[in-house]
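Biologist: I would like to learn how to read helix packing, ring pairs and cavities. Please take them one at a time.

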Amino acid sequence: MSVMGDHGGPVTSDQEQQKWLDEASTSVKRNAFFMKKALDEDNLREALRYSAAMLGELRTSQLTPQKYFELYMQTFTELQHLEIFFKEEHKKGRQYSDLYELVQHAGYVLPRMYLLCTVGSCYIRSKETAAKDILKDLVELCKGVQHPTRGLFLRSYLCQVSRGLLPDVGSEYEGAGGDITDAVDFLLVNFTEMNKLWVRMQHQGSNRDKDRRERERQQLADLVGRNLTYASQLDGLDYKLYQEVVLPRVMEQIIQCKDNIAQQYLMQCVIQGFPDEFHVGTLDVLLGALPELQGSVKVHVILASMLDRLASYATTDESVLETYSQADAFSKLSAAATKVAQQQGEMPAGDIASMYIALLGFTGKVYPDKLDYTDKVLTECYQALQGRELSSDPRAEKQVVALLSIPLDTYNAVTVLGLHHYPTVMTMLSPPTYKQMAVTIVQSMLKAGTLVGSEAKVGMLFDFISPLVKDVPGALDHTDDEDFAEEQNLVARMVHQLRSDDPDEHFQILKTARQHFSTGGPRRVRHTLPPLAFSALQLVRVLKKRQDSGNAAETSCKTVLQFVHGIVAPLADVPVAELALQIYLQAAYSASEVAHLEMIAYEFMEQAFILYEEAIPDSKAEITALQSIVGTLHKCRVFSPENRDVLVHKATGYSAKLLKKADQCRAVCTCSHLFWQEETPPTQDAEDEELSSAGDGDSSAVQPLIRDADNVLSCLKRALKIANAAQQQLAVALKASDTSPAFLYVEILNQYLYYFEQGLPNITASVIQSLLELAANEISSDSCKQDERLQKFYSNSMEHLKVQKDREGDLGERYEALKL
């Protein structure tokens, strides 16, 4: 209907509702005024006439439930005055039975029933007759109002005014007024009739108003549920009465109404309203009702609500867990979830997964030590979702990810590896989501610092995270290089969590990891194989200690080092030659200084030289690689003189082949250290000093320190010669940088000073003095004065000389001969 507003425009629906409400409210106020005036004049008949007229406004069918509620509350407030008057009349000697008869003369049913409820509440309080009789009479008479909205509010009024008047245990109305069964019967009858009215609303009107009707019904839900709330609060309600009377009648009404809104709401009312211990004893009834609900009912929400309550109840007392075991709660819950999934074929996959999420959450809280229960939930979820395409259902896939995340949050990653059906559920995910789940597993493992210490579990772990270790057949990988590197770095960090206290088991773990990593292709092995190699080198130390203590493992240092050699070889072909070279050198150091295996150390050095010659891409990388080679060779003492000479000759030969004179000069200076080893090298690991020989190695293979002063001086003179040659290069001579001859002279001076302090006999004060003069002469040139970096370098060197000269003892005496 459309009417014209004050300004001539059409009135909207909200405006119509407000207009009708205002008109009804005005009428209520007017009739209430005359009613109270009649009450003041002690004119009962007129008061009842105006009260009936006031209540007659509640007969409207035009208002929405929200607006009707406003009108109802206004009328409810005015009825309080009438109730007070009834009490006053009773004090004057009028019988409530007379009033009860008198109000029934109202012309319309609805006003008559409101008046009867009002008088009835006073009648019960007077105890002139049994409360149960009045309650039964009122609840039956209310059937005369069958309009859904009007009937619901009328019965809500009855429920409200009778609260506190029920013949409950301990109540003043118990005994002659009835007992707890009468109170329960009243609430259940009222609940049943209200639910029928509530459901009937859904079937009135056209289909185009269906959404509106559903919204209105949602607004009225609390009116129906109030009966169950009051029933749960009865002091006399014990488990037996609940089991034998309340629950059967409530569940019968819920199932028979066949309405999804009612079933959804009322099941929640039962679960949330009644005590937890009642639910444990009647679990069969509650769970048996779930498959009987309408297909559009969100059963997973109901089940989740029930499981949350049961799980919370379990935390209150340890005896509850025993009760659950006796009731076989898990089996019943699991069977109910399976039955729901089977019978409700149109149930969305996301809802099925949500249902099992609730069950798995309950299992983790109540049965944390029973992994077979967790695995069973995963199995049943997989079976329920089998045949459904989750990749086209983002919500369902998200729920499955949430399901798989619960064990990771409840247990550590090693425990999760014992769940045989966990990877089976993972296979249902689309490749990108599967990979993300694998990332989550690795992150969880790293965050918790979980160690995987058996070969079998390592194999399971790689099955879990297979999308990170190898390409998934038929799946396109859209991961960009940065994200891919981040994923592989997680896997690389994970490698260090794969270890066992038993060296033999540890070695088997490393071999298993290598088998899986070898299937990853060149793009992955550059990230995953290096940490595997370093983990193996750590194992060499452990094996050597065990060997020295007389408790040698079956796995030998030699076997592990051969394993490392097999790991590094593929890296050279990726190509990441620089990384492979560094690992070869680290392995050579371990073979030499930890295991004392000369030929294996020589093989690693040989491979490093081959990589240097064939695969190092540019001059800058050559310099870095050569420095690493010289540093490693300097620390290795296992080589015989013949083998060492070959390696040293090769390294010094490389230094002369560098492109730039400055690089040649520095490389030759570095090579000088190959001919002079310190007593305790600064970079020497103290632990290596304790690793004497035994088993595979031989302590006699450790060679004496190299102290060849002549070759040291030869290298330094050669470096000085190269620096002089660099001075003749015009481009270099005019360039102020660390490639300038002056900078090289200062560096060479520092090398001479180092050996001078080491006490080499052929590095005398006169040799140092001549170098000081050469360097000072170069520094004083105009081009060098502008180079702040060079001046700072030279200044620091001179400061060092002064400090050493002021020292006491032999070192100070040696520096005393120098003139600064």
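The dialogue below takes these topics in turn.

Modeller: This is a predicted model, where local features need pLDDT of at least 70, side-chain atom pairs count only at pLDDT 80 or more, and totals for chains, interfaces and linings use all residues. Residues are numbered from 1 along each chain as its sequence is written, and side-chain values use heavy atoms, with hydrogens and water left out.

Biologist: At what angle do α22 and α23 pack?

Modeller: Helices are DSSP runs (H or I, at least four residues), numbered from the N terminus. Axes are lines fitted to C-alpha atoms over the stretch in contact, and angles run from 0 to 180 degrees between N-to-C directions. Here α22 (residues 431–448) and α23 (residues 455–464) pack at about 140 degrees, axes 9 Å apart.

Biologist: Which residues meet between α22 and α23?

Modeller: Contact means heavy atoms within 4.5 Å. Tyr434, Ala438, Ile441 and Met445 of α22 meet Leu461, Asp463 and Phe464 of α23.

Biologist: How many aromatic pairs does the structure hold?

Modeller: Rings of Phe, Tyr and Trp (its six-membered ring) pair if their centres lie within 6.5 Å; planes under 30 degrees apart count as stacked, over 60 as edge-to-face and the rest as tilted. The structure holds 29 such pairs. In one, Phe330 and Tyr373 are stacked, 4.0 Å centre to centre with 5 degrees between the planes. Phe330 lies in α16 (residues 329–343) and Tyr373 in α18 (residues 371–385), so the pair ties together parts 43 residues apart in sequence.

Biologist: Which residues line the largest cavity?

Modeller: On a 1 Å grid over the protein atoms alone, a cavity is a set of points where a 1.4 Å probe fits but cannot get out; lining residues have an atom within 4 Å of a point. The lining is Cys636, Arg637, Val638, Phe639, Arg644, Gln677, Gln703, Pro704 and Ile706.

Definitions and conventions. On a 1 Å grid over the protein atoms alone, a cavity is a set of points where a 1.4 Å probe fits but cannot get out, and a pocket is an open set with protein on both sides within 12 Å along at least five of seven lines; lining residues have an atom within 4 Å of a point. Helices (H or I, at least four residues) and strands (E, at least two) are DSSP runs, numbered from the N terminus.
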